[in-house]
Amino acid sequence: METLTLKNISKQFGHDTNRVTALDQVNFEARSGELTLILGPSGSGKSTLLTILGGLQTPTKGDVVINNQNINHLAGKAADDFRLKHIGFVLQSYNLVPYLTVRDQFKLVDKVKPAGNLDPKRFDQYLDRLGIRQLLNKFPNQLSGGQTQRVAIARALYTNPDFILADEPTAALDSHRVTEVGQLFKDIAVKEDKAVVVVTHDLRLKEYADRIYNLVDGKIILEKE
Ligand SMILES: Nc1ncnc2c1ncn2[C@@H]1O[C@H](COP(=O)(O)OP(=O)(O)OP(=O)(O)O)[C@@H](O)[C@H]1O
Ligand SMILES: [Mg+2]
């Protein structure tokens, strides 16, 4: 079983009177086979938690542990390689490459990471489930918010990562798409034995979650296990 654990994580920004505590002694675990939801209002520390979980920023205190290996000190190319192979991010900013068509976003992944990506058959299924097949020749600035969000989800899944970390992946979606994306994340967790972590304030995702945490002012509480 793959696990992704935060042990006593605190994160502060700024100094002296400008000091903000974004995370306060957070303990958290995500496991393969489960969809874990972290719910919290704006400013509660969701994006900070997710980016620390995936090693995009470092905590002020505490440990990030993947499969019993402490990754606090993984830096530079080793950290980049690790992320590329094991973690799929759906970030709040989507981070699609502006001058590439949707199709070429995936080709770019093939260049950077030539092996272990989704085979064409499975990729094809995801194109249908996410309803993005007809968008393959478009550029990011020709997509709506919801379309962009679905392409960003497909791209995160494309590397077939062990851990999928998604920041507000349904913010721009209507209810019908929320159902589809919620069920897709759930299937990927359960049927493909991945650890899926979603941070959100979208309560519509609760029904798909195996485990739910609440984050309030940087403090985390387990709601459902
Ligand atoms: N780089 C930074 N520098 C200073 N303060 C920051 C930084 N990043 C986040 N913060 C602060 O940390 C707190 C948590 O921010 P975070 O972005 O994690 O919240 P969030 O729950 O993701 O909010 P939202 O739902 O609006 O995306 C906020 O008070 C925010 O202002
Ligand atoms: Mg955020």
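## Strands and sheet

In this predicted model, Y213 has L222 of strand β10 as its bridge partner. Strands β9 (residues 211-216) and β10 run antiparallel and are joined by five bridges. Strands here are DSSP runs of E with at least two residues, helices are runs of H or I with at least four, and both are numbered from the N terminus. Two strands pair if DSSP finds at least two bridges between them.

The order β6-β7-β8-β3-β9-β10 describes an open sheet of six strands with mixed pairing. Because β6 and β10 (219-224) stand at its edges with a single partner strand each, one side of each is left without a neighbour in the sheet. From one strand to the next, the twist averages 20 degrees. Helix α2 lies across β6 and β7 (163-167) and runs at about 80 degrees to β6. Such angles, from 0 to 180 degrees, are taken between the N-to-C directions of lines fitted to C-alpha atoms, for helices over the stretch in contact, where contact means heavy atoms within 4.5 Å.

## Aromatic pairs

The whole structure holds four aromatic pairs. Rings of Phe, Tyr and Trp (its six-membered ring) pair if their centres lie within 6.5 Å; planes under 30 degrees apart are stacked, over 60 edge-to-face, and the rest tilted. The pair of F28 and Y213 is tilted, because the planes stand at 50 degrees, with ring centres 4.8 Å apart. F28 belongs to strand β2 (residues 20-31) and Y213 to strand β9, 185 residues apart, and the pair thus links distant parts of the chain.

## Pockets

The largest pocket has a volume of about 490 Å³. A pocket is an open set of points on a 1 Å grid over the protein atoms alone, where a 1.4 Å probe fits, with protein on both sides within 12 Å along at least five of seven lines; lining residues have an atom within 4 Å of a point. Its volume is the space filled by probe spheres set on the points, which are joined across faces, edges and corners. Of the 18 lining residues of the largest pocket, L84, I87, F89, N95 and R155 lie nearest its centre. At least two lining residues come from each of α2 (76-86), β6 (87-90), α3 (102-112) and α5 (145-158).

The second largest pocket holds about 190 Å³ of space. G55, T58, I71, N72 and L74 are the closest to its centre among the 17 residues that line this pocket. Helix α2 gives the most to this lining, with three residues.

## Basis

Local features need pLDDT of at least 70 and side-chain atom pairs 80 or more, whereas totals for chains, interfaces and linings use all residues; side-chain values use heavy atoms, without hydrogens and water. Residues are numbered from 1 along each chain as its sequence is written, with chains lettered from A and ligands numbered from 1 in the order in which they are written.
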